[in-house]
Amino acid sequence: MTAIVLRTLNFSVHILERSSPTILQSQAAGIRAGPELHSFIETYVKDFDPDYALTAESFEIVSKNAEVEMTLPPQDPLRLTTWKCVYDMLLRALVREEGLGSAVYQTGKKVEGLERADEKVVVKFRDVESDEVQMLEADLVTAVDGAHSTVRKIVMEDMVQPKYAGYVTWRGRVPEGDVGPKTREAMKKRCVVMKGVDGGYMISWVSTSMIILDDLAYGARYYVPADPAANVGNKYEFVWIWYDPIPTDSTEFNATFTDVDGKEHFTTIPRGKIRSEVWQRVLDRKDAVSNPHFIELLERTKEPFVSAIRDLAGTRSIFYNGKVLLVGDAFALCQPHAGGSTSQAAYQALELKKALKGETTLPDWEQTCLRGAAAELQRSIGAAKFLFGGEIPKFIEKMVAKSEGQ
């Protein structure tokens, strides 16, 4: 998103993407397209498909036997989609738009260093396949390299590392044609939170979203537009998430984050790399899920993946006299309960344009980012307390009041 904004200001942009095309094409994470992201898409993506996200009118809190206990209208439209859908749409907008600054997008490039050279910044990066080291000179570097940002480590030697939030997320997706008619009809156009999922909660969506809650953990599922590259004939798919507490110093945690090749991962085991015995242990816990529709989604998922969830409060985003900027998760990291990460990245990109046009200043932009990130982090922590333990934060209270007509 930042690159798209820079192009509209006639910057020539060169993106160094650490991940390989294979990894990028395998991203199946469901996300909420918050108002900031949707506004960005409306502004910068020409002729976007309005069906990139499906909108739920409310989300429901349900009991373990699937009885609805509470229905809450969202404060903003609850648009549900996938990371891959948004990524593809933004990438097309970046490289296909004409009449702007040039754009180069390279994958498999790992940034290893930054050096100041007069009014420029020299970026040192390595090709992950050939191992070739190259240099790239830039007027401005925007670091959007995620929760474990290499650039953040370079410019903030005394930085605090992202903190483990105490749980992992198991994720998967199932084409709508792969589930039975009962599950398909029961799960469409809903967003549900269900209590009683073995210390956690689950969520899943299809044209809306369903969440499952427990005293200590929860899961969710929702209905979203399908990946156009997969399963032609399945217009939509169910995406589910199980938020599952696992102590970071446990044998279970270590086993979970060791993949089929014996490689240990710090954050995510990607699709197709979870060991069969690890996934089988998840399936063996299906009785804790109870809801037959959730169980069907678990059993019909072919390539699940798992991530350890962490958060980090942003403290600073401007370095090297305004030549290096931290953006998105590289700046601050939210827990994934309220769609804060994509909203934060979109908001920062939109506000950055104002600063670079001279309507505001970069220090003003930084303060705006700090306030926004702090609010999103607190919102995500509040959502976690509600979904895991039932404590009701203020923004949930407003939703309850709205549902009761107050």
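These entries record what I looked up in the predicted model of this chain.

**Entry 1. Overall composition**

I began with the chain as a whole. The chain holds 13 helices and 20 strands. Of its 406 residues, 56% count as buried. I then looked up how far contacts reach along the sequence. Among contacts between residues at least 6 apart in sequence, 64% join residues at least 24 apart.

**Entry 2. Helices H11 and H12**

I next examined the pair formed by helix H11, residues 340-356, and helix H12, residues 362-389. Their axes come within 10 Å and cross at roughly 165°. Angles over 145 degrees count as roughly antiparallel, and H11 and H12 are therefore roughly antiparallel to each other. I noted the crossing of H11 past H12 as right-handed.

I listed the residues that make this contact. On H11 they are Gly 340, Ser 343, Gln 344, Tyr 347, Gln 348, Glu 351, Leu 352 and Ala 355. H12 contributes Leu 362, Trp 365, Thr 368, Cys 369, Ala 373 and Glu 376. By class, the residues of the contact divide into seven nonpolar, five polar and two charged.

**Entry 3. Helix H10**

I turned to helix H10, which covers residues 292-300. Within H10, I found His 293, Phe 294, Ile 295, Glu 296, Leu 297 and Leu 298 to be buried. The N-terminal end of H10 is capped by Asn 291. A side-chain oxygen of Asn 291 lies 2.8 Å from the backbone nitrogen of His 293.

**Entry 4. Ile 154**

I located Ile 154 in helix H5, residues 150-155. Is Ile 154 buried or partly exposed? Its relative accessible area is 24%, so I recorded Ile 154 as partly exposed. Leaving aside residues up to four places away in sequence, Ile 154 touches Glu 112, Gly 113, Leu 114 and Tyr 320. For one of these, Gly 113, I also looked up the separation from Ile 154: 41 residues in sequence and 7.0 Å in space, C-alpha to C-alpha.

**Entry 5. Leu 140**

I found Leu 140 in the loop between strand E10 (133-138) and strand E11 (141-143). With a relative accessibility of 18%, Leu 140 counts as buried; the cut-off for that class is under 20%. Which residues does Leu 140 touch, not counting residues up to four places away in sequence? I listed Leu 6, Phe 11, Gly 322, Lys 323, Leu 325 and Leu 356. I also looked up Val 324, which is 184 residues from Leu 140 along the chain. The C-alpha atoms of Leu 140 and Val 324 are separated by 6.0 Å.

Last, I looked up backbone angles. Most residues other than glycine have a negative phi. Asn 10 has a positive phi, near 70°. I placed Asn 10 in the loop between helix H1 (2-8) and strand E1 (13-17). Its relative accessibility is 56%, so Asn 10 counts as exposed.

For Asp 118, phi is also positive, near 55°. Asp 118 sits in the loop between strand E8 (109-117) and strand E9 (120-127). I recorded Asp 118 as exposed, at 81% relative accessibility.

Terms used:
Residues numbered from 1 in each chain as written. Predicted model: local features only at pLDDT ≥ 70, side-chain atom pairs only at ≥ 80, totals over all residues. Heavy atoms only, no water. Axes fitted to C-alpha atoms, helices over the stretch in contact; angles between N-to-C directions. Helix = DSSP H or I, 4+ residues; strand = E, 2+ residues; numbered from the N terminus. Parallel < 35°, antiparallel > 145°, perpendicular 65-115°, else oblique. Left-handed = near helix turned anticlockwise from the far one by under 90°. Contact = heavy atoms within 4.5 Å. Nonpolar A, V, L, I, M, F, W, Y, C, P; charged D, E, K, R; others polar. Buried < 20%, exposed > 50% of the residue type's maximum accessible area, 1.4 Å probe, protein only. Polar contact = N/O pair within 3.5 Å; in protein donor to acceptor, adjacent residues only side chain to side chain.
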